[in-house]
Amino acid sequence: MGNQNPSTTPVTIVVEHLDPELGAWSALEYACIAREAHASGSKFLLSSVPESLQMPDELAATKGLEVEHRSIEEVFADRRSKVCLLDPSARTELSPEDGDTFEVFLFGGILGDDPPRDRTSELRKKGYEGRRLGPVQMTTDTAVRVTRMVVHDRVPLEEIQYVDHPEIVINDHERTEMPFRYVKDSNGEPIMPKGMVELIKKDADQGIEDLF
């Protein structure tokens, strides 16, 4: 896929936590992002976390997670032009060259709302330059994974292989379709956070939106 010479500059991933609470779905996504960031030498910062919000023990113990109570504006006040907002409404697609232009890649949690509620609009108003990851809605961990593949691994966006709207088998009689795009693994399966399928099966009687 594309240029296989990854950037030597670590990627800084920031998820601005735009919710007063932390649901089970988001906790699994954040843990997944932290593990993958740690493994790739990237930095993962979860910003705007309310002082009152207690991180689940398993998430708090995950290597690679940095919790910041300040907002993105405060943390990177001196590097505003180096922050790229991953925005579904942006006009320009993310490219490997953006890894040379930007140092920080910003995501609004929770991206995976279904239907999308445009949480990113709150960050868009702050004037950060935006880039798009294609037309199909992604979960937060998928959006981060794709961004890292593009700007760090230098894989062009159009060369990444995806699984759109995969079905999860709940039991012999029930299936649920995930309304998101996922990166395809080497076996052709969608890459999901550890524990996500089990969470979906456990809470199959709830709507997807209730799991965030």
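**Aromatic pairs, a buried threonine and a cavity**

Tyr30 counts as buried, because its relative accessibility is 1% (buried means under 20% relative accessible area, exposed over 50%, and partly exposed in between, with a 1.4 Å probe and protein chains only). The model described here is predicted, so local features need pLDDT of at least 70 and side-chain atom pairs count only at pLDDT 80 or more, while totals for chains, interfaces and linings use all residues. Residues are numbered from 1 along each chain as its sequence is written, and side-chain values use heavy atoms, with hydrogens and water left out.

A search of the whole structure gives three aromatic pairs (rings of Phe, Tyr and Trp, the last by its six-membered ring, with centres within 6.5 Å; planes under 30 degrees apart count as stacked, over 60 as edge-to-face and the rest as tilted). One of them joins Trp25 and Phe180: the ring centres are 6.0 Å apart and the planes stand at 65°, so this pair is edge-to-face. It links distant parts of the chain, 155 residues apart, with Trp25 in helix 1 (residues 24–40) and Phe180 in the loop between strand 9 (174–177) and strand 10 (181–183). Helices (H or I, at least four residues) and strands (E, at least two) are DSSP runs, numbered from the N terminus. Trp25 is buried, at 1% relative accessibility, and Phe180 is buried at 0%.

Tyr30 takes part in a pair with Phe44; the centres of their rings lie 6.4 Å apart and the planes are at 55°, so the pair is tilted. Here Tyr30 belongs to helix 1 and Phe44 to strand 2 (residues 43–47), 14 residues apart in the chain. Phe44 is buried, with a relative accessible area of 0%.

Turning to helix 6 (residues 140–151), Thr147 is found there and is buried, its relative accessible area being 0%. A polar atom of the Thr147 side chain lies 2.8 Å from the backbone oxygen of Ala143. Leaving aside residues up to four places away in sequence, Thr147 touches Leu86, Leu94, Phe105, Phe107, Leu133 and His152 (contact means heavy atoms within 4.5 Å).

Finally, the largest cavity holds about 60 Å³ of space. Of the 10 residues that line this cavity, Thr9, Pro10, Val11, Gly99 and Phe102 are the closest to its centre. On a 1 Å grid over the protein atoms alone, a cavity is a set of points where a 1.4 Å probe fits but cannot get out, and lining residues have an atom within 4 Å of a point; the volume is the space filled by probe spheres set on the points, which are joined across faces, edges and corners.

Note on methods:
Polar contact = N/O pair within 3.5 Å; in protein donor to acceptor, adjacent residues only side chain to side chain. 1 Å grid on protein atoms, 1.4 Å probe; cavity = no way out; pocket = protein on both sides within 12 Å on 5 of 7 lines; lining within 4 Å.
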